[in-house]
Amino acid sequence: MGRLFRLRNCVALGIAFQIGTFFAPRPAYAFFDSVAIISAITALQSAMNTAVSTAKNVLNNSLGLINTGLGDGFGQLSKLSIASITADQKIADANNIVQAQIQRDERNAQVRDQHAVNRQDCLNLQDGAATVVAARSGEQFSAALDGGKNRRTDARQGTPSWTGSGQATQAANNHHFSKYCNDAEAEAGLCSAASDALVNADQHAISLLGPSVYADQDGINQANDYAQGLIEPVAPPALRGDAIRSPQGQSLLPERRAYGAALSLAHFVVDDVQGWRAPTVTLSAAQRAEATREGRTDTEKGSELEALELDINRKLGGTDWQGDLQAMPSDKSVLIQIALLDAQRNQIMLAQLKMQQAQAMMQAAQLSTMERDRLAHVTPMTVPTPTN
């Protein structure tokens, strides 16, 4: 820059000198050598042209250097910018790949958790299967009880009431004396006193409703004896022979059938209660473990009621189910447990519906009996005599 400044000064001085030469005042009377002056002026112009050309070259070279340097600089900056963009793209691509892998791993974990079977699912299935089998077997057990009791109520051939009311009463007493003899009966010489646990057991509700499962056949018989004494201690005698052919016997037949229908309904309700407690199924491993934890003596055979009760107790107070529930990896596992509990609740509600239907029928029977009694007090009207 200093060299350029000096060149500019030299050019300016030369131009000023030339101008001063052309415009300087000339005296009219002076004598001078024109040739020498012209030669000097020519030499000065040549020197000035040389200086100007030199300055131009210097300027052009300087500008060229500047253009070349700036061009290289801008080119380098452009390359750096392109490299930076490429690097940013690679970084973004790498980040996208990492994020995609993370999301894929999370999705794989979710798929695994959604399809993984929790051990409680298997245990619940086993418990539910045991309960369903017990329910079906309990229904068959109740039907068998109904069949025997209906024969007794109907006073079919081979039952005590077929012979007569006295024989039916004595048969009921003899059955009581043989198993449940109390102290007064023993003192009267009618029977030998039973053990404390069996005295009058056919009159105690605990015989039927106490256990969740009847321990053995004696337990079943004891429950059945209580039910029979509660509903129908003595069945009415059969109408046979002349009694059934007589007008009085014929008039009694409708009421005798109504009695049989009502007693059959009552027996059905009680037999269903017994069927829930009959030892009709082998308990699952989880149910047996819960029975042992609760201190139950018999953990092999169970009833519909006991299987359901053990399953409920296992989830209410068992540490295994609670621990597995806390450790379940996904919402699906918990929702499955809730769905199974809801299915269990539906089973209980279905049993309640069946019982409510039977109770409704009993209420209907009571209503019809009350209305028949009311009608019996009404004096029959005379039969009109037809006239011509």
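Trainee: Where is the place of leucine 335?
Mentor: In this predicted model, leucine 335 has its place in helix α14, which covers residues 331–376.

Trainee: And is leucine 335 buried or exposed?
Mentor: Leucine 335 counts as exposed, because its relative accessible area is 54%, and the cut-off for that word is over 50%.

Trainee: Which residues form a nonpolar patch on the surface?
Mentor: Leu335 belongs to such a patch together with Val334 and Ile338, and the accessible area of these residues together is about 260 Å².

Trainee: OK, zooming out, how many helices and strands are there in the protein chain?
Mentor: The protein chain has 14 helices and two strands, and of its 388 residues, 27% count as buried.

Trainee: What does the accessible surface of the protein chain come to?
Mentor: For the protein chain, the accessible surface is about 25600 Å², and carbon and sulfur atoms hold 61% of that area.

Trainee: What about contacts, how much do residues 24 or more positions apart account for?
Mentor: If you take the contacts in the protein chain with a separation of 6 or more, 66% of them come from residues 24 or more positions apart.

Trainee: New topic: which elements have the lowest and the highest mean pLDDT?
Mentor: Among the elements of the protein chain, the lowest mean pLDDT, 50, belongs to helix α1 (residues 2–23), while the highest, 95, belongs to helix α6 (residues 183–187). Over residues 28–32 the pLDDT is below 50, and this stretch has one contact in the model beyond near neighbours in sequence.

Note on methods. Residues are numbered from 1 along each chain as its sequence is written. This is a predicted model: local features need pLDDT of at least 70, side-chain atom pairs count only at pLDDT 80 or more; totals for chains, interfaces and linings use all residues. Side-chain values use heavy atoms; hydrogens and water are left out. Helices (H or I, at least four residues) and strands (E, at least two) are DSSP runs, numbered from the N terminus. Buried means under 20% relative accessible area, exposed over 50%, partly exposed in between (1.4 Å probe, protein chains only). Contact means heavy atoms within 4.5 Å. Accessible areas come from the Shrake-Rupley method with a 1.4 Å probe; for residues, only the protein chains shown count as cover. Patches are made of residues with over 30% relative accessible area and no salt bridge: like charges are joined within 9 Å, nonpolar side chains (Val, Leu, Ile, Met, Phe, Trp, Tyr) within 5 Å. A salt bridge is a side-chain nitrogen of Lys or Arg within 4 Å of a carboxyl oxygen of Asp or Glu. pLDDT is the predictor's confidence in each residue, from 0 to 100.
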